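Please look through the sequence and the model shown here before reading on.

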Amino acid sequence: MRVVLAEDLFLLRDGLVRMLEAFGFEILAAVETGPELGKALAELEPDVAVVDVRLPPSHTDEGLQCALAARRARPGLPVLVLSQHVEQLYARELLADGNGGVGYLLKDRVFDAEQFVDAVRRVAAGGTAMDPQVISQLLSRRSQDRPMGRLTPREREVMELVAQGRSNAAIASQLVVTERAVAKHTSNIFAKLGLPVSDDDNRRVLAVLAYLDHGRTNGS
């Protein structure tokens with residue numbers, strides 16, 4: 001699997017390169033600025049891009065904007081964005097085009113090698129990997145809103161895991177319940193949210209996140 005990596009801190013960039021290579025990834029380029037990232041994404045056509053939100057020269061959201069531009073040029077380009085802090089705007093921008101292959105993780109997650117590599121692989125495969133803190137904040141903002149307020153505590157647990165991109169089997173394992181029970185919970189969640197049930201995990205996640213974000217935006 002071929003990766004373009006963008007991170008301006010040398011030690012973190014070098015560590016990510018070593019980690020990914022140890023898990024069998026091929027690093028096509030490891031860059032530190034927005035212009036370098038844009039060029040690498042356009043010329044190398046990676047299987048996935050792992051991108052720090054803030055890159056030189058602006059040190060604002062240049063990494064994210066380069067990644068979004070690359071996705072417009074190549075729809076569906078898998079992008080995993082890393083950020084120091086939770087910024088819901090970043091998650092919304094990533095999900096705005098409705099295509100899969102997106103992820104948003106806090107940088108703290110990279111210190112758990114297996115969790116981080118799993119997220120990279122999931123995004124590269126067209127799935128979604130959203131940081132639990134992002135999901136938690138979205139849910140907490142709408143906890144009293146209808147129909148969100150109608151979810152049971154267990155349904156909220158399941159929804160957080162679904163929104164992270166977890167499969168029914170993974171959710172069942174984490175919550176120590178059967179896959180049948182998880183399927184029942186997800187069906188109830190979608191019914192309460194007025195969303196169509198789908199067998200496509202990625203579309204299911206995107207629909208939930210889009211619904212939450214729409215409600216948050218309307219209520220702000």
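## A residue in strand β4

Does Ser-83 count as buried or exposed, and what is its relative accessibility? With a relative accessibility of 5%, Ser-83 counts as buried, where buried means under 20% relative accessible area, exposed means over 50%, and partly exposed lies in between, with a 1.4 Å probe and protein chains only. Ser-83 lies in strand β4, residues 79-83; helices (H or I, at least four residues) and strands (E, at least two) are DSSP runs, numbered from the N terminus.

Apart from its neighbours within four places in sequence, Ser-83 is in contact (heavy atoms within 4.5 Å) with Val-53, Tyr-90, Tyr-104, Leu-105, Leu-106 and Lys-107.

## Basis of the model and overall make-up

This is a predicted model, in which local features need pLDDT of at least 70 and side-chain atom pairs count only at pLDDT 80 or more, while totals for chains, interfaces and linings use all residues. Residues are numbered from 1 along each chain as its sequence is written, and side-chain values use heavy atoms, with hydrogens and water left out.

The chain contains 10 helices and six strands, and buried residues account for 49% of its 220 residues. Of the contacts in the chain between residues at least 6 apart in sequence, 64% join residues at least 24 apart.

## Strand β1 and its partners

Strand β1 (residues 2-6) is largely enclosed by the rest of the structure, because four of its five residues are buried. Strand β1 pairs in the parallel sense with strand β2 (residues 26-31) over five bridges, pairing being assigned if DSSP finds at least two bridges between two strands; in β2, Glu-26 is the bridge partner of Arg-2.

Strand β1 also pairs with strand β3 (residues 48-52), again in the parallel sense, over four bridges. Within β3, Val-48 is the bridge partner of Val-3.

## Two nonpolar cores

A nonpolar core is a set of buried Ala, Val, Leu, Ile, Met, Phe, Trp, Tyr and Cys residues joined through side-chain atoms within 4.5 Å. The largest such core has 31 residues, of which Leu-37, Leu-41, Leu-64, Val-79, Val-81, Leu-94 and Tyr-104 touch the most other members. Helix α3 (residues 62-73) supplies the largest share of this core, with five residues.

Leaving aside neighbours within four places in sequence, Val-79 is in contact with Ala-49, Ala-67, Arg-71, Leu-94, Gly-101, Val-102, Gly-103 and Val-123. A second, separate core holds 20 residues, including Val-3, Val-48, Val-50 and Val-120.
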